[in-house]
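Hi,

Here's the structure I promised to pass on. Have a look at it first, then read on for what turned up.

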Amino acid sequence: MNDDKVLESRTNHAGTVIRRRRECLACGYRFTSYEKTEDKPLMVIKRSGRREPFDEAKLERSITVCTEKLPVSQVQIEQIVDEVEASLNLKAGTTREITSKAIGDETLRALRKFNEVAYVRFAAVYRAYTSLDQFIHEIESLAHSG
């Protein structure tokens with residue numbers, strides 16, 4: 001039996017995750033537990049009109065690829081994923097549906113403020129750049145807005 005007491009509880013800004021600091025009553029060891037609220041799953045509406053459940057791992061893989069060989073930790077990647085997912089949950093509201101375009105746009109928004117190189121890498125794939133001019137235009141727009 002786990003005999004412990006909760007020392008502190010905090011929720012993330014979207015209210016979807018509860019972080020609890022706990023202490024074992026037997027030995028005094030302190031640890032952290034996370035509780036994720038279960039909700040109706042977020043459904044993604046693909047460009048084809050097909051619907052599929054939101055896949056957090058897929059988003060994490062995309063962000064990992066565009067941050068490869070950059071000084072970015074796994075914790076930072078997870079924070080970006082959490083930020084994007086929380087924002088998507090707020091946008092989806094009670095319908096629990098979000099377009100794949102909204103996921104890409106929200107990921108771009110998060111990456112733009114986090115790391116410009118990761119942003120351009122993600123944008124190149126998401127927007128399907130086919131020419132050098134498209135890269136140049138994206139980089140120039142970053143330089144002018146930044």
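Let's start with the charges: the protein has 24 positive and 23 negative ones, and their mean positions lie 2 Å apart. Keep in mind while you read that this is a predicted model.

Next, the overall build. You'll find five helices and six strands in the protein. If you trace the elements from the N terminus, the order is β-β-β-β-β-α-α-β-α-α-α.

How does the radius of gyration sit against that of a compact globule? For 146 residues, such a globule would come out near 15 Å, but the protein has 19 Å. The C-alpha trace spans about 65 × 35 × 25 Å along the principal axes, if you'd like to check that on screen.

Now for the inside and the surface. Of the 146 residues, 32% are buried. As for contacts with a separation of 6 or more, 35% are between residues 24 or more positions apart.

Is S33 buried or exposed? Its relative accessibility is 18%, and buried means under 20%, so S33 counts as buried. Who does S33 touch, leaving aside its neighbours within four places in sequence? The answer is I18, R19, R20 and R22. With R22 there is also a polar contact, side chain to side chain, at 2.9 Å.

Key. Residues numbered from 1 in each chain as written. Predicted model: local features only at pLDDT ≥ 70, side-chain atom pairs only at ≥ 80, totals over all residues. Heavy atoms only, no water. Helix = DSSP H or I, 4+ residues; strand = E, 2+ residues; numbered from the N terminus. Rg over C-alpha atoms; globule rule 2.2 N^0.38 Å. Buried < 20%, exposed > 50% of the residue type's maximum accessible area, 1.4 Å probe, protein only. Contact = heavy atoms within 4.5 Å. Lys, Arg positive; Asp, Glu negative; His and termini not counted. Charge placed at Lys NZ, Arg CZ, Asp CG, Glu CD. Polar contact = N/O pair within 3.5 Å; in protein donor to acceptor, adjacent residues only side chain to side chain.
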